[in-house]
Amino acid sequence: MLLPSGWLLRHSVVMWLLFHSFVLMTLCFHHAATSCSKGCYCSDSEGSFDGKTMRCSNLHLTEIPQDIPNDTRRLYLDYNLLTSIPANAFHDLPLLAELDLSHNELSLLEPGAFRGLTASLKFLDLSSNQLKTLDPDAFDSVRARSNLTGNPWHCDCRLQTALPRLDLEPVSLTGIVCQTFEPSDAGAQGVPFLLAKDLDLCVVLKKTTDVAMLVTMFGWFTMVISYLVYYVRHNQEDARRHLEYLKSLPSRQGKSEESSTISTVV
Ligand SMILES: *[C@@H]1O[C@H](CO)[C@@H](O)[C@H](O)[C@H]1NC(C)=O
Ligand SMILES: *[C@@H]1O[C@H](CO)[C@@H](O)[C@H](O)[C@H]1NC(C)=O
């Protein structure tokens with residue numbers, strides 16, 4: 001009586017293991033069929049949203065995966081090794097609303113990096129990367145809220161002129177805290193760049209252009225003055241020569257000239 005039940009138990013364990021592996025296999029096939037990028041985890045968004053969530057966090061990725069489903073709504077690429085975002089990296093993802101690129105090595109966002117996301121993107125996480133400056137052309141009028149904290153921002157005239165050209169939600173810009181400056185004595189270390197209102201990092205540039213203008217003007221001035229001096233000297237010499245010539249003339253001729261003018265007057 002004991003033997004069959006033991007056999008049954010062992011049998012059911014084997015059956016259970018078989019079933020389990022079958023379930024896993026189906027899941028794997030399903031995974032492949034829905035074309036999720038290798039190593040990433042895809043799931044249909046909870047709620048009534050159409051579109052997927054794709055998680056590719058912590059996969060040592062050095063490039064953005066190629067085969068991202070075009071109905072992806074949330075894309076997590078955080079904790080990878082991305083160093084740059086090429087142009088048009090996400091342009092065939094018309095539903096993408098949330099993009100997490102935090103905790104990478106990003107130092108370059110190429111012009112057009114976020115092209116095509118103007119209408120859809122709501123949240124863009126660029127925190128904890130290696131960004132030093134921002135190129136407005138990378139954002140292509142994206143209006144998302146962005147997390148820009150945890151980057152080694154280099155605050156200079158270039159960044160100062162870039163910020164007003166960004167369409168990102170203004171609160172995003174409070175994440176730009178200067179780590180280095182140009183000019184280096186500008187101060188305001190650890191203060192959000194946006195809040196250091198009276199800081200003008202382009203003033204040095206203006207100063208140098210002012211100096212250039214001054215030097216040019218001085219050059220012109222010197223030229224004009226030296227020409228004047230030359231002109232006056234030259235004329236003086238002419239006048240002196242003329243005078244000497246007049247003096248050297250016999251006085252008789254002068255008298256006859258005088259008398260002739262008098263006769264014409266009379
Ligand atoms: C995704 O691509 C397929 C086939 O190319 C297309 O039919 C579908 O409309 C696209 N979906 C979106 C949301 O663009
Ligand atoms: C921005 O990101 C940092 C770390 O990456 C996080 O600690 C912080 O809470 C985030 N801020 C916002 C406003 O999401």
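Guide: What follows is a set of questions about disulfides, a ligand and an annotated region.

Guide: This is a predicted model, in which local features need pLDDT of at least 70 and side-chain atom pairs count only at pLDDT 80 or more, while totals for chains, interfaces and linings use all residues. Residues are numbered from 1 along each chain as its sequence is written, chains are lettered from A and ligands numbered from 1 in the order in which they are written, and side-chain values use heavy atoms, with hydrogens and water left out.

Visitor: Why is the link of Cys-36 and Cys-42 called a disulfide?

Guide: A disulfide here is a pair of cysteine sulfur atoms within 2.5 Å, and the sulfur atoms of Cys-36 and Cys-42 are 2.0 Å apart, so the pair meets the rule. By this rule the count comes to four disulfides.

Visitor: What makes the disulfide of Cys-155 and Cys-178 left-handed?

Guide: The torsion about its S-S bond is about -90°, and the disulfide is therefore left-handed. Because Cys-155 lies in strand 9 (residues 153-155) and Cys-178 in strand 10 (residues 178-181), the pair ties together parts that are 23 residues apart in sequence; strands are DSSP runs of E with at least two residues, and helices are runs of H or I with at least four, numbered from the N terminus.

Visitor: Are Cys-155 and Cys-178 buried or exposed?

Guide: Both Cys-155 and Cys-178 are buried, a word that stands for under 20% relative accessible area, with exposed meaning over 50% and partly exposed in between (1.4 Å probe, protein chains only).

Visitor: How do you know which residues are around ligand 2?

Guide: A residue is near a molecule if one of its heavy atoms lies within 4 Å of it, and the residues around ligand 2 are His-103, Ser-127, Ser-128, Asn-147 and Thr-149.

Visitor: Where does the record place the "transmembrane region"?

Guide: UniProt, in an unreviewed entry, places this feature at residues 211-232, and such annotations may be inferred rather than shown by experiment. Over residues 211-232 the model is 100% helix and 0% strand, with the end C-alpha atoms 31 Å apart.
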